[in-house]
Amino acid sequence: MSLVLPSELVVDRFLPTVRAMLATRLAERGMTQQEIATKLGVTQAAVSKYVSGESGGDDRFRDHPETVATVDRIADGLAGGEMDGYDALAELLALIRDLEDRGPICELHEEEMPALRGLGCDLCVRGLDPDVRAERDVLANVRTAARTLASIPEMAAAVPNVGTNVGMALPDAHDETDVAAVPGRIYEIGRRIEIPANPEFGASKHVATAILAARSVDPAVRGAVNVATDDALLEAARALGFDPLEFDADYEDRGEHLRDRFAERGSVPRVAYHRGAFGIEPITYVFGETAVDAADLVSDLLAEASA
């Protein structure tokens, strides 16, 4: 029996096809062949072959709807500057995992190794640690939420002096090391939102404290964003049907204070704020079931406030 690794098929069949698809789409979006070569990490001569259709490839990938959608998404992101190499790699790795799960890569693998046929083989996906999957999903969600915040036109004015952060807890979070956030916080520089690093677990004590307090009352609430307290934003929350909860900033154990306030209310508010204290900047927390949910609500609140 021949021994073929799925990764060989990814390198030999999937990667050339996707590179050709990406090169063609980036060229259609106005990028030069040298710019495309730099983005894809190949030579300009290779890009020329890709664009001219001389590179071959496998139609099972080229015509696969999920592959087409992923390639289009990456091409739009690279051409528009919203996506970097890390983002593109994450998209491709996620696509490969999906294609290995009873997808085209699986079909090719069975062709190369006939002994696998009829076994319902799931070697590529079996045994994935659920904790690892949960951590990966949370990190991906926080990264998406951070990009959402950076794309909001009004966000620069909503960033407090101490910076903004967005976080999300694991389903069974116990402490701040179980909450992912952006290291160093998100800052406004020259009216632009700067995200200094990719999210990590244990990166934000303050946002983690708020999320853990919320989870203790409602386990479904796992995401939050902090922004500057602003009366227009609070009025926008009321206009959208939310009842902001005010809490006292001057508490040494803010987590316990928030838990008590949420418990008194009987639920976790979508918006909770304080007016500051000596040496403490006024801050508003926007909560959601995920980090993306919280970031989307921030977008809605800022749009309503500026209307």
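Modeller: R60 counts as partly exposed because its relative accessibility is 28% (buried means under 20% relative accessible area, exposed over 50%, and partly exposed in between, with a 1.4 Å probe and protein chains only). The model is predicted, so local features need pLDDT of at least 70 and side-chain atom pairs count only at pLDDT 80 or more, while totals for chains, interfaces and linings use all residues. Residues are numbered from 1 along each chain as its sequence is written, and side-chain values use heavy atoms, with hydrogens and water left out.

The side chain of R60 forms a salt bridge with that of E111, at 2.6 Å from N to O (a side-chain nitrogen of Lys or Arg within 4 Å of a carboxyl oxygen of Asp or Glu). This pair links distant parts of the chain, with R60 in helix α4 (residues 59-62) and E111 in helix α7 (residues 104-112), 51 residues apart (helices, H or I and at least four residues, and strands, E and at least two, are DSSP runs numbered from the N terminus). E111 is also partly exposed, with a relative accessible area of 40%.

In total, the structure holds 15 salt bridges. Another joins the side chains of R147 and D87, at 3.2 Å from N to O. Here R147 in helix α8 (residues 130-150) is linked to D87 in helix α6 (residues 85-100), and the two are 60 residues apart. R147 is partly exposed at 35% relative accessibility, whereas D87, at 9%, counts as buried.

A further salt bridge pairs D231 with R275, with 2.8 Å between the closest N and O atoms. Because D231 lies in helix α11 (residues 231-239) and R275 in the loop between β8 (271-273) and β9 (283-288), the pair ties together parts that are 44 residues apart in sequence. D231 is partly exposed at 47% relative accessibility, and R275 is partly exposed at 43%. Elsewhere, salt bridges that share partners join R13, D58, R60, E111 and E112 into one network.

The buried residues of α11 are L233, L234, A236 and A237. Seen down the axis of α11, these residues fall within an arc of 155°, so they line one face of the helix (the arc is that of the directions from the helix axis to the C-beta atoms). They pack against β6 (223-228), β8, β9 and α13 (291-306). At the N-terminal end, D230 caps α11, with a side-chain oxygen 2.9 Å from the backbone nitrogen of A232. Just after α11, G241 takes a positive phi of about 95°.

H274 lies in the loop between β8 and β9 and, at 0% relative accessibility, counts as buried. Beyond its neighbours within four places in sequence, H274 is in contact with residues including T229, F247, D248, R254 and E281 (contact means heavy atoms within 4.5 Å). E281 is placed in the loop between β8 and β9 and is partly exposed at 22% relative accessibility. Residues up to four places away in sequence aside, E281 touches P160, N161, V162, H274 and G276. A polar atom of the E281 side chain lies 2.8 Å from the backbone nitrogen of N161. The C-alpha atoms of E281 and L22, 259 residues apart along the chain, are separated by 46 Å.

Methods:
Polar contact = N/O pair within 3.5 Å; in protein donor to acceptor, adjacent residues only side chain to side chain.
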